[in-house]
Amino acid sequence: MCSCSSSNMAGLRRADMLKYSRSSCWICAVFLMLAARVVAQTDASNVLTVADANWTLILHGEWMIKFYAPWCPACQHLQTDWESLGRQSESLGISVGRVDVTQQPGLSGRFLVTTLPTIFHAKDGNFRKYVSSRTIEDIEAYVVQKKWEMVEPVPGWKSPSSLLMSGMANLFRLSVWIRQIHTYLTNTLGIPSWGSYVIFAIITLFMGLMLGLMLVLIADCIWPSRPKHREKTVTEEEEEVEDILTEEKRTSDLDNESERVSGDESTDEEGVMSDGATAGSDQPPPEGAAESSVRKRKPLEQNTTEGT
């Protein structure tokens, strides 16, 4: 009995030791995996993930920001070099960030990202688009040799912190939200595409009507309408008085014109008559008048001769 019990105890101890060793191996393996993962995360931890909540951090200091998408092959090709740049960020004196446009559509609209990958250089709120080679050596030379000084910064109206780009960010977020709703209506609820478009059209019209009504109410509260009957009456009276004055002035002008014309005509007639009289005194008498005067003189001369 003692020998059997001692052998059983030895067997149990060996089994426990085997179980303990196996569990220890599993624990070591898990620990090594976690350590490798922590090391990998530590290597890539210098690349900051930029989102809508913390994007204002890039307004201070010097940054290199990459806009990418997980499905983009060129972005995947750049990922290794970008992580290497992040590990060297402290020696370069810059900060390295990345933006996933599929998760942050507002930032893609704020920066007007149209191609992937897109890289921006930021220096104290001034942004420049990086258009050179995407190799790690060229990016490092761009920072170390300050080649960014030869590039014109983005103008103020296109700056990510401007009011216009803030509105653009909201539009991009709205478009993504509408697309998600459209996908939910068509895929989950089984509504056809044209039905989804009709729903969006009705919602848009309703929102437009409500917005117009709100604007009218706000305008009426700020600038209330006033009765314009009194103003209209005064305006009409002023117009009538002005018309009467204009008519009187026109009549007086016509009278003065007629008097001036009649005076000119009488003056012309008098001048013509005086000219005719002067011309009559200067011309010799007609021949008939001369002959009658000669005939009258002849009998007078004959009578005088006879009397003598």
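Which residue takes a positive phi in the hairpin of β4 and β5? In this hairpin, which has 2 residues between the strands, Asp-124 takes a positive phi near 55°.

The structure is a predicted model, in which local features need pLDDT of at least 70 and side-chain atom pairs count only at pLDDT 80 or more, while totals for chains, interfaces and linings use all residues. Residues are numbered from 1 along each chain as its sequence is written, and side-chain values use heavy atoms, with hydrogens and water left out.

**Strand pairing**

Helices (H or I, at least four residues) and strands (E, at least two) are DSSP runs numbered from the N terminus. Two strands pair if DSSP finds at least two bridges between them. Strand β4 takes part in two such pairings, listed below.

| Pair | Sense | Bridges | A residue pair |
|---|---|---|---|
| β2 and β4 | antiparallel | 6 bridges | Met-64 and His-121 |

**Nonpolar cores**

A nonpolar core is a set of buried Ala, Val, Leu, Ile, Met, Phe, Trp, Tyr and Cys residues joined through side-chain atoms within 4.5 Å. The largest one has 18 residues, of which Ile-58, Ile-65, Phe-67, Leu-107 and Phe-111 touch the most other members. Strands β2 (62–68) and β4 (118–123) each supply at least two residues of this core, and the largest share, 4 residues, comes from β2. Another core, of 14 residues, lies apart from it and includes Val-96, Tyr-130, Ile-136 and Tyr-142.

Contacts (heavy atoms within 4.5 Å) of Phe-67, leaving aside residues up to four places away in sequence, include Val-99, Leu-107, Ser-108, Phe-111 and Phe-120. Ser-108 belongs to helix α4 (residues 105–110) and counts as buried because its relative accessibility is 7%.

**Surface patch**

Ile-199, Ile-203, Phe-206, Met-207, Met-210, Leu-213 and Leu-217 form a nonpolar patch on the surface, with about 670 Å² of accessible area together. Patch residues have over 30% relative accessible area and no salt bridge, with nonpolar side chains joined within 5 Å and like charges within 9 Å; a salt bridge is a side-chain nitrogen of Lys or Arg within 4 Å of a carboxyl oxygen of Asp or Glu. Areas come from the Shrake-Rupley method with a 1.4 Å probe. Ile-199 lies in helix α7 (residues 193–222) and counts as partly exposed because its relative accessibility is 33%.

Conventions
Buried < 20%, exposed > 50% of the residue type's maximum accessible area, 1.4 Å probe, protein only.
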